[in-house]
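Notebook open, structure loaded. I want to go through the sheet, then the helices, then the core.

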Amino acid sequence: MKPNTLFKVLALVASFPFAAGCALGSEEEAAPEQQSLGASSEAEGIWLSTKYSFGLCAGECVTTVSRDGVELSLTACTRNQGCPRSNLATLTDEGARKLDEIEDALSGVALDGRYGCPDCADGGATSVRLRRGGLETSHLYEYAGAPAPLSALDHLVADLRLGLDSCTSGPLLKLSPGCTPK
């Protein structure tokens with residue numbers, strides 16, 4: 001088959017949700033609704049991490065922003081060459097206040113384990129880990145398509161990720177020395 005024909009076939013197949021992981025299943029789809037990921041750690045807060053991933057990509061395809069108390073980390077990984085970049089920061093008082101407000105609003109909200117068709121047609125996926133009621137849960141949705149209950153958290157984490165990615169301190173975070181920009 002000619003390379004151009006193969007590309008057209010792959011593009012056509014990827015445009016069908018079942019072919020891109022929705023019906024056939026994917027690694028991230030395995031998370032059932034409200035899956036328990038283990039016992040809680042001693043870190044404060046409900047939000048633990050947000051992972052952004054893209055199935056068909058080159059370069060940094062998986063980026064994770066994690067939290068341990070007021071400490072933040074960004075880890076940027078490729079599909080097959082490890083994680084070449086990792087940046088650290090601390091939430092400012094304003095950043096911690098905004099996160100606390102969002103977490104308070106999330107504390108009693110029922111959340112599904114999966115929303116929409118994450119990473120279908122290579123649109124990307126976002127996975128959020130939360131700790132509520134002593135259990136860690138994972139919630140998967142389409143990149144830039146957060147469900148209403150997770151929208152405020154998604155926007156805040158996107159702002160934190162931007163600062164960590166570009167090595168820019170701001171009103172929400174203060175970067176640690178040695179930051180490597182994207």
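I started with the sheet: seven strands make an open one, ordered β6-β5-β1-β2-β3-β4-β7, with antiparallel pairing. Two strands count as paired if DSSP finds at least two bridges between them. β6 (135–142) and β7 sit at the edges with a single partner strand each, so one side of each has no neighbour in the sheet. From one strand to the next the twist averages 20°; axes here are lines fitted to C-alpha atoms, for helices over the stretch in contact, and angles run from 0 to 180 degrees between N-to-C directions.

Note on provenance: this is a predicted model, where local features need pLDDT of at least 70 and side-chain atom pairs count only at pLDDT 80 or more, while totals for chains, interfaces and linings use all residues. Residues are numbered from 1 along each chain as its sequence is written, and side-chain values use heavy atoms, leaving out hydrogens and water.

I looked at one strand pair in detail. β3 and β4 run antiparallel and are joined by six bridges. Ala-76 has Arg-85 in β4 as its bridge partner.

Next, the overall layout. I found three helices and seven strands, taking helices (H or I, at least four residues) and strands (E, at least two) as DSSP runs numbered from the N terminus. Along the sequence the pattern reads α-β-β-β-β-α-β-β-α-β. Of the 182 residues, 37% are buried; buried is under 20% relative accessible area, exposed is over 50%, and partly exposed lies in between (1.4 Å probe, protein chains only).

On to α2, residues 93–106. The 14 residues of α2 reach 20 Å from first C-alpha to last, close to the 20 Å expected at 1.5 Å a residue; the expected span is 1.5 Å times one less than the number of residues. Which residues of α2 are buried? I get Gly-95, Ala-96, Leu-99, Ile-102, Glu-103 and Leu-106. Seen down the axis of α2 they fall within an arc of 130°, so they line one face of the helix; the arc is that of the directions from the helix axis to the C-beta atoms. Asp-93, Asp-104 and Ala-105 are exposed on the face turned away from the buried side. α2 lies across β1, β2, β4 and β5, at about 90° to β4. Its buried residues pack against those strands and also α3 (151–166), with contact meaning heavy atoms within 4.5 Å.

Then α3, which has 16 residues and reaches 22 Å from first C-alpha to last. The buried set of α3 includes Leu-153, Leu-160, Arg-161 and Leu-164. I checked Arg-161 separately: at 13% relative accessibility, Arg-161 counts as buried. Leaving out residues up to four places away in sequence, Arg-161 touches Tyr-52, Thr-63, Val-65, Leu-74 and Tyr-143. Just after α3, Cys-167 has a positive phi of about 60°.

Last stop, the core. The largest nonpolar core has 27 residues, and Trp-47, Leu-72 and Leu-130 are among those with the most contacts inside it. A nonpolar core is a set of buried Ala, Val, Leu, Ile, Met, Phe, Trp, Tyr and Cys residues joined through side-chain atoms within 4.5 Å. α3 gives the largest share of this core, five residues. Leu-130 contacts, beyond four places in sequence, residues including Trp-47, Leu-111, His-139 and Leu-153.
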